[in-house]
Amino acid sequence: MSLPSEEQLIQIFGTLLAVIVGGLLTSITTFVIERQKWKRERRNKLDELRRDAIAAALEWISPMRTAEYAASSLVMAAIQGDFEHERFMVDYPNLVLELAKSDLTGVQRASLPSDFYARGHEIIRDLEKLRILGVKCGQEVKIGRSDPNGYKE
């Protein structure tokens with residue numbers, strides 16, 4: 001058996017080098033494609049979580065609208081002197097309990113803006129202030145300490 005010639009060695013090393021470079025290119029290409037696929041799937045999952053969280057958050061609108069309507073109606077009734085505490089307790093919904101029924105999961109909360117809950121609780125506080133104003137006006141009108149026309153504003 002004779003030793004390979006210089007030409008044959010160059011050809012063997014050239015082929016070996018081509019196989020190594022081809023393998024590296026294939027593995028790098030596969031890695032990049034898989035990474036892009038992983039990022040796309042992650043982004044799609046996050047988008048889906050955000051959509052679900054926003055849909056759940058939008059469910060808060062109905063109880064808040066109901067509470068706002070009831071609170072403003074009770075304030076108007078109180079201003080007109082037609083306030084009964086028992087009726088108020090029946091008519092005014094417990095907004096916090098209603099909203100707790102449709103509370104978001106931790107994953108949903110994490111996918112929403114950081115000030116999301118603060119804005120929602122600000123609305124609840126405003127509705128509670130409106131309710132308290134209605135009770136106060138109703139009580140003052142009922143005991144005759146104040147003029148009902150003074151609350152029209």
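This is a predicted model: local features need pLDDT of at least 70, side-chain atom pairs count only at pLDDT 80 or more; totals for chains, interfaces and linings use all residues.
Colleague: Where does UniProt place the feature "transmembrane region"?

Modeller: The record, an unreviewed entry, places it at residues 12-33. That label comes from UniProt and may be inferred rather than shown by experiment.

Colleague: What makes the nonpolar surface patch?

Modeller: Nine names are listed for it: Leu9, Ile12, Phe13, Leu16, Ile20, Leu24, Ile28, Phe31 and Val32. A patch residue must have over 30% relative accessible area and no salt bridge, and nonpolar side chains are joined within 5 Å. The patch comes to about 870 Å². One of its members, leucine 24, sits in helix α1, which covers residues 6-58.

Colleague: How many residues does α1 have, and what span is expected?

Modeller: α1 has 53 residues and runs 77 Å from its first C-alpha to its last. At 1.5 Å a residue the expected reach is 78 Å, and the value found is close to that.

Colleague: Which residues of α1 are buried?

Modeller: They are Ala53, Ala56 and Ala57. Each is called buried because its relative accessible area is under 20%. Isoleucine 54 is also found in helix α1. Its relative accessible area is 44%, so isoleucine 54 is partly exposed. Across the 153 residues of the protein chain, 22% count as buried.

Colleague: Why does arginine 50 form a salt bridge with aspartate 47 by this rule?

Modeller: The cut-off is 4 Å between a side-chain nitrogen of Lys or Arg and a carboxyl oxygen of Asp or Glu. The closest N and O atoms of arginine 50 and aspartate 47 are 3.9 Å apart, so the pair qualifies. Side chains of opposite charge can pair when their charged atoms come close. Both residues lie in helix α1, three residues apart, which is about one turn of the helix. The count by this rule is one salt bridge.

Colleague: Which positions are apart in sequence, and how far apart are they in space?

Modeller: Isoleucine 54 and leucine 112 are 58 residues apart in sequence and 7.6 Å apart in space, C-alpha to C-alpha. Arginine 131 and serine 73 are 58 residues apart in sequence, with 9.7 Å between their C-alpha atoms. Aspartate 103 and glutamate 59 are 44 residues apart in sequence and 9.2 Å apart in space, again C-alpha to C-alpha.

Colleague: Where do arginine 131 and aspartate 103 lie?

Modeller: Arginine 131 is in helix α6, residues 116-143. With 23% relative accessibility, arginine 131 counts as partly exposed. Aspartate 103 is in the loop between α4 (95-101) and α5 (106-111). Its relative accessible area of 40% makes aspartate 103 partly exposed.

Notes
Residues are numbered from 1 along each chain as its sequence is written. Side-chain values use heavy atoms; hydrogens and water are left out. Accessible areas come from the Shrake-Rupley method with a 1.4 Å probe; for residues, only the protein chains shown count as cover. Helices (H or I, at least four residues) and strands (E, at least two) are DSSP runs, numbered from the N terminus. Buried means under 20% relative accessible area, exposed over 50%, partly exposed in between (1.4 Å probe, protein chains only). The expected span of a helix is 1.5 Å times one less than its number of residues.
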